[in-house]
Amino acid sequence: MQTLEPILAEHPFFKNLDPKILQVITGCATNVVFKAGEFIFREEGDAQEFYLIRKGQVALEIYAPGRGPITLQTLHDGNILGWSWLVPPYQWHFDARAVEETRAIALNGRCLRTKCEECHELGYELMKRFAFVVTQRIEALTLQLLDVYGNHRS
Amino acid sequence: MATTAVKEKPVSPVRAGEPMHPRPFKVLKNQPETHDTFTLELEPAEGPREFRFAPGQFNMLYVYGFGEVPISISGDPAEPGVLVHTIRAVGTVTRALERLKRGELVGVRGPFGTSWPVAEAQNQDLVIVAGGIGLAPLRPAMVQALAKRERFGKIVLLYGARTPDDLLYVRELEQWRSRLDLEILVTVDRALEAWRGNVGVVTTLFPRVSFDPFHALALVCGPEVMMRFAILELAKRGTPPEKTYLSMERNMKCGIGLCGHCQIGSTFVCKEGPVYRFDRVKGLFGKREL
Amino acid sequence: MSETDQKGHTQAVFEAERLQTLVEILARKGYQVIGPTVRDKAIVYAELESARDLPVGWTDLQDGGTYRLEKRRDEALFGYVVGPHSWKQFLHPPKARLCQAKRKGECFESQCEDREGPKRAFLGVRACEMAAIAVQDRVLLQGTYTDPVYQARRGKVVLIAVNCTRAGGTCFCTSMGTGPKVTSGYDIALTEVLEDGKHYFVAQTGTELGEEIVREVPHQEAGEKEKQTAEGLVAKAAGEMGRTLEAEGVHDLLVANLEHKRWDEAARRCLTCGNCTLVCPTCFCTTVEDVTDLTGEQAERWRRWDSCFTLDFSYIHGGSVRPSGRARYRQWMTHKLATWHDQFGTSGCVGCGRCITWCPVGIDITEEARAIRETTISQAAPSGKERSRANP
């Protein structure tokens with residue numbers, strides 16, 4: 001039976017990962033597809049998974065009363081969606097909605113957290129990769145915050 | 001505005017070429033682009049029918065009774081019969097320009113400044129990175145490159161704006177996007193649900209385009225912060241400062257290098273700029289209040 | 001007749017009273033004579049009716065933020081140095097109308113300004129001021145665009161220079177290589193000599209016009225003794241400068257020290273009043289103002305002096321690029337002594353000392369440059385001991 005291992009191996013997030021560790025992670029992985037317009041996760045929901053986007057477009061949204069849903073960022077092929085599974089209380093802070101049909105690999109949070117406790121090498125590899133993703137995301141978000149195209153008056 | 005006693009002193013007739021004297025141009029069209037940006041199409045009211053310029057250059061636009069502002073030229077260099085300016089209404093003079101109607105006059109001095117070295121990108125990839133109103137001075141470079149498409153490798157346009165409502169030249173962008181020999185990615189800083197495009201800063205677009213950074217020329221224009229990050233991203237990919245050009249902006253009064261206002265370090269932006277090769281001005285970035 | 005020196009120009013001697021004849025000759029030739037005169041307890045440049053309008057018997061005492069006139073014990077006509085005025089107000093005027101426009105229905109019609117004006121003779125131009133005029137010539141006439149206002153005035157002016165025989169309290173022309181002896185660009189260069197009961201001028205001509213003028217003044221050929229006396233007085237002035245500035249390497253020094261803490265110290269004192277830019281003979285920055293009359297029927301474009309010390313100077317949408325006084329003081333000094341070299345191939349400073357005298361808080365450009373140079377040198381070689389103290 002074909003496993004997800006080769007698919008994970010070719011995803012940029014797992015580049016250069018030791019195949020033995022990758023095998024462990026594959027045990028927590030499932031293939032998922034979201035229809036255009038479908039919500040992948042909702043604010044306040046249980047953050048049980050994170051996703052490696054293979055193909056598609058996902059919008060991170062937040063709903064403001066009176067303003068409607070505001071898109072904070074869009075994610076695409078090769079991006080990682082979700083990191084709230086990493087830290088308690090394991091809850092989503094935003095909505096994530098598939099803008100077009102999106103194929104992804106879902107990785108189960110609880111499964112991974114357990115395996116990380118057992119195998120610290122796995123834990124470290126995951127942390128390293130997430131730290132990189134998070135810093136990139138924060139830098140990009142900081143630029144958005146600056147509102148550089150806005151009309152600024154002193 | 002201060003008032004001044006009008007002295008009836010005889011003045012000599014218009015001397016062609018006096019750089020501080022505006023030439024009258026007639027408004028052909030005033031087209032709103034976004035809530036605060038509009039495009040003027042102008043033609044000379046007298047004298048030579050053509051206005052020749054190079055992409056990246058700017059004019060000093062004068063509104064009778066209000067004053068002057070430096071505005072980049074946004075038209076097609078191959079169509080010198082119409083002078084096009086895309087302007088953001090943020091101050092007294094630009095708001096006065098916004099109110100101009102067909103047939104009214106604008107004073108024009110120029111063209112001044114340095115230009116985008118489009119020809120230098122021949123046989124290489126051309127990467128254009130625009131942020132906000134920064135697309136306006138880059139448009140002539142894009143149009144000029146497309147007119148001689150076969151001379152270039154890949155042509156890529158990365159364009160970031162504040163919101164979808166702030167996008168400029170939407171119809172033209174759609175036309176460009178429908179071409180098979182051009183790659184265009186557009187992103188906005190924030191959007192409502194109706195927007196199905198990208199949301200995120202323009203630097204997030206880089207991983208999604210392919211060009212040969214080692215054989216490319218990059219033209220960058222937008223707010224200074226955005227340009228700094230875009231240039232960093234380009235350098236990370238392998239496009240060096242010597243192959244990256246940007247357009248700087250400073251307060252300008254004369255436009256001809258004599259009033260001192262636009263000076264940064266040892267350069268006058270109206271004379272050696274506004275287009276600079278990045279390695280030549282690298283030392284001016286990251287230094288506060290220079 | 002008059003002896004011709006090596007350069008082919010005359011060196012003549014005439015009695016001090018004959019300066020009046022020189023003034024009359026200039027007036028007869030249609031020149032408006034501008035020269036130093038006492039007004040409001042300072043020596044300023046204004047139109048002279050006769051040589052008696054000169055500050056006869058006056059001298060000046062100058063220091064940081066200090067200017068005082070004092071009576072001399074003799075009747076020297078040029079026994080002082082430079083005051084708050086420079087010649088730039090006549091060549092690069094504080095206000096100039098550039099164009100006018102008239103409303104015609106929905107449109108407007110505009111016209112260029114006429115450049116006609118009086119021909120002028122500047123009487124009493126010091127060596128530092130000759131150098132300043134040369135600096136402004138480079139900036140305003142030798143770029144891609146020339147300034148038509150400056151060009152029209154500069155072409156019509158006669159320069160009668162005066163070699164300083166006394167240095168002022170804030171002078172440092174020797175440091176900048178601009179004086180005290182005038183070396184070029186003049187029509188006539190005068191050196192005033194008062195000694196042994198005699199009072200005369202040694203006049204060196206520099207142009208045909210200078211020759212023409214001196215020829216009409218009753219004079220004799222300059223003898224060796226007179227020439228040597230004159231040279232000696234100028235050499236004495238060179239040795240008694242009130243300030244010094246190490247010009248060698250000052251460009252690189254300042255460019256490498258943009259974050260030096262000395263700028264913070266200067267900023268604490270600087271009022272950003274802009275006096276230095278007003279009195280400086282090389283500062284050339286201007287702004288353009290478009291004004292209309294009350295009816296809106298007529299609009300005029302005026303150019304007037306501006307200063308990089310104002311917040312408005314570097315204003316772009318939303319704010320000034322140099323909001324702090326520190327940045328503005330740094331901009332002025334680094335432009336004057338450093339980046340001017342990159343732009344125009346010379347220093348922007350001629351060592352006249354006006355900025356020191358007329359600064360209300362007495363900030364001294366020579367002292368600032370010295371302070372940065374001295375602390376940079378001591379920072380260049382960290383001792384091994386210091387390092388181990390920081391990293392035990």
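User: Two strands pair if DSSP finds at least two bridges between them. With that settled, how many bridges join β7(C) to strand β15 of chain C?

Analyst: This is a predicted model. In the model, seven bridges join β7(C) to β15(C), which covers residues 298–305, and the two strands run antiparallel. One position can be picked out: C:K102 has C:Q298 in β15(C) standing opposite.

User: In what order do the strands of that sheet come?

Analyst: The order is β8-β7-β15-β14 in chain C, an open sheet of four strands with antiparallel pairing. Strands of a sheet pair through backbone hydrogen bonds, either parallel or antiparallel.

User: Which strands are at the edges?

Analyst: The edges are β8 (107–112) and β14 (286–292) of chain C, each of which pairs on one side only. On average, and with direction ignored, neighbouring strands of this sheet are turned by 20 degrees against each other.

User: Into which domains is chain C divided?

Analyst: Domain 1 of chain C spans 3–238, and domain 2 spans 250–380. Taken over C-alpha atoms, the centres of these two domains of chain C are separated by 26 Å. Their contact draws 38 residues from domain 1 of chain C and 33 residues from domain 2 of chain C.

User: Which elements supply the domain 1 side?

Analyst: At least two residues each come from β6 (66–71), β7 (95–104), α3 (127–141) and α5 (173–176) of chain C. The residues on this side of domain 1 of chain C divide into 19 nonpolar, 12 polar and seven charged.

User: Let us turn to helices. At what angle do α9 and α11 of chain C pack?

Analyst: Helix α9 (residues 262–269) and helix α11 (residues 325–344) of chain C pack at about 110 degrees, and their axes are 8 Å apart. Angles of 65 to 115 degrees count as roughly perpendicular, so α9(C) is roughly perpendicular to α11(C).

User: Which residues meet there?

Analyst: From α9(C), the residues are C:W263, C:D264, C:A266 and C:A267; they meet C:G325, C:R326, C:Y329 and C:R330 in α11(C). This contact divides into four nonpolar residues, one polar and three charged.

User: New topic: chain A. Why is strand β3 of chain A described as largely enclosed?

Analyst: Strand β3 of chain A covers residues 49–55, and five of its seven residues are buried, so the rest of the structure largely encloses this strand. A residue counts as buried if 20 or more other C-beta atoms lie within 10 Å of its own.

User: What does β3(A) pair with?

Analyst: Six bridges pair β3(A) with strand β8 (residues 102–108) of chain A in the antiparallel sense. Strand β6 (residues 80–81) of chain A is joined to β3(A) by two bridges, and this pair also runs antiparallel. A:L52 takes part in both pairings: the bridge partner of A:L52 in β8(A) is A:I105, while A:I80 in β6(A) stands opposite A:L52.

User: And chain B? How many of its residues are in contact with chain C?

Analyst: The contact involves 41 residues of chain B and 48 residues of chain C. On the chain B side, 18 residues are nonpolar, 13 polar and 10 charged.

User: Where do the domains of chain B lie in the numbering?

Analyst: Domain 1 of chain B is 23–112, and domain 2 is 118–247. The C-alpha centres of these two domains of chain B lie 24 Å apart. Their contact takes 15 residues from domain 1 of chain B and 14 residues from domain 2 of chain B. The residues on the domain 1 side of this contact in chain B are four nonpolar, eight polar and three charged.

Terms used: Residues are numbered from 1 along each chain as its sequence is written. Chains are lettered from A and ligands numbered from 1 in the order in which they are written. This is a predicted model: local features need pLDDT of at least 70, side-chain atom pairs count only at pLDDT 80 or more; totals for chains, interfaces and linings use all residues. Two residues are in contact if their C-beta atoms, placed from the backbone, lie within 7 Å. Ala, Val, Leu, Ile, Met, Phe, Trp, Tyr, Cys and Pro count as nonpolar, Asp, Glu, Lys and Arg as charged, and the others, Gly among them, as polar. Domain bounds come from an automatic or database domain assignment. Axes are lines fitted to C-alpha atoms, for helices over the stretch in contact, and angles run from 0 to 180 degrees between N-to-C directions. Angles under 35 degrees count as roughly parallel, over 145 as roughly antiparallel, 65 to 115 as roughly perpendicular and the rest as oblique. A residue is buried if 20 or more other C-beta atoms lie within 10 Å of its own, exposed if 12 or fewer, and partly exposed in between; C-beta atoms are placed from the backbone.
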